[in-house]
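Thanks, everyone. Let's have the structure up on the screen, and then I'll walk you through it.

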Amino acid sequence: MSGTIKKVPYGTNGIIEFSRLWELLNQKGYNKQWLKNHGIHSNTVAKLTKNENVTCEVLANLCNLLNCQPEEIMEYRKNDKK
């Protein structure tokens, strides 16, 4: 079917990697506990640590908290193992 995106397991087409988030937190003198203290649920922090799926709402909240743009906290990494 034309125009249909085939559902595949997360990571098949690459991942969103959050190492930039941890670098930015460090630059600002913050840590994971700071995120939790400012409304980011501990389960969400764990997902970010493992580069797992999070919602757009989480990304918007992070950008608001850190006064940044999405590219400052995440990066797309292509899966070269296809």
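Where is asparagine 51 found? It sits in the loop between H3 and helix H4, residues 56-66. Keep in mind that this is a predicted model. Now look at the backbone. Asparagine 51 is not a glycine, yet its phi is positive, about 55°. Buried or exposed, this asparagine 51? Buried, at 18% relative accessibility.

There is another asparagine to look at. Asparagine 67 has a positive phi of about 50°, and again this residue is not a glycine. Its place is the loop between H4 and strand S2, residues 75-77. Asparagine 67 has a relative accessible area of 69%, so it is exposed, since exposed means over 50%.

Back to helix H3, residues 42-49. Threonine 44 is found there. Its relative accessible area is 17%. Buried means under 20%, so threonine 44 counts as buried. What does it touch? Setting aside residues up to four places away in sequence, threonine 44 touches Val54 and Val58.

Next, the core. The largest nonpolar core has 17 residues. Which of them have the most contacts inside it? Leu21, Leu35, Leu62, Leu66 and Ile73. The elements giving two or more residues to this core are helix H1 (19-27), helix H2 (32-37), H3 and H4. H4 provides the largest share, five residues.

Let me stay on leucine 62 for a moment. Leave aside its neighbours within four places in sequence. Leucine 62 is then in contact with Leu21, Leu35, Ile40, Leu48, Cys68 and Ile73.

Cysteine 56 counts as exposed, at 65% relative accessibility.

Now cysteine 68. Cysteine 68 counts as buried, at 7% relative accessibility. And remember, cysteine 68 is one of the contacts of leucine 62.

That's my tour. Over to you.

Conventions. Residues are numbered from 1 along each chain as its sequence is written. This is a predicted model: local features need pLDDT of at least 70, side-chain atom pairs count only at pLDDT 80 or more; totals for chains, interfaces and linings use all residues. Side-chain values use heavy atoms; hydrogens and water are left out. Helices (H or I, at least four residues) and strands (E, at least two) are DSSP runs, numbered from the N terminus. Buried means under 20% relative accessible area, exposed over 50%, partly exposed in between (1.4 Å probe, protein chains only). Contact means heavy atoms within 4.5 Å. A nonpolar core is a set of buried Ala, Val, Leu, Ile, Met, Phe, Trp, Tyr and Cys residues joined through side-chain atoms within 4.5 Å.
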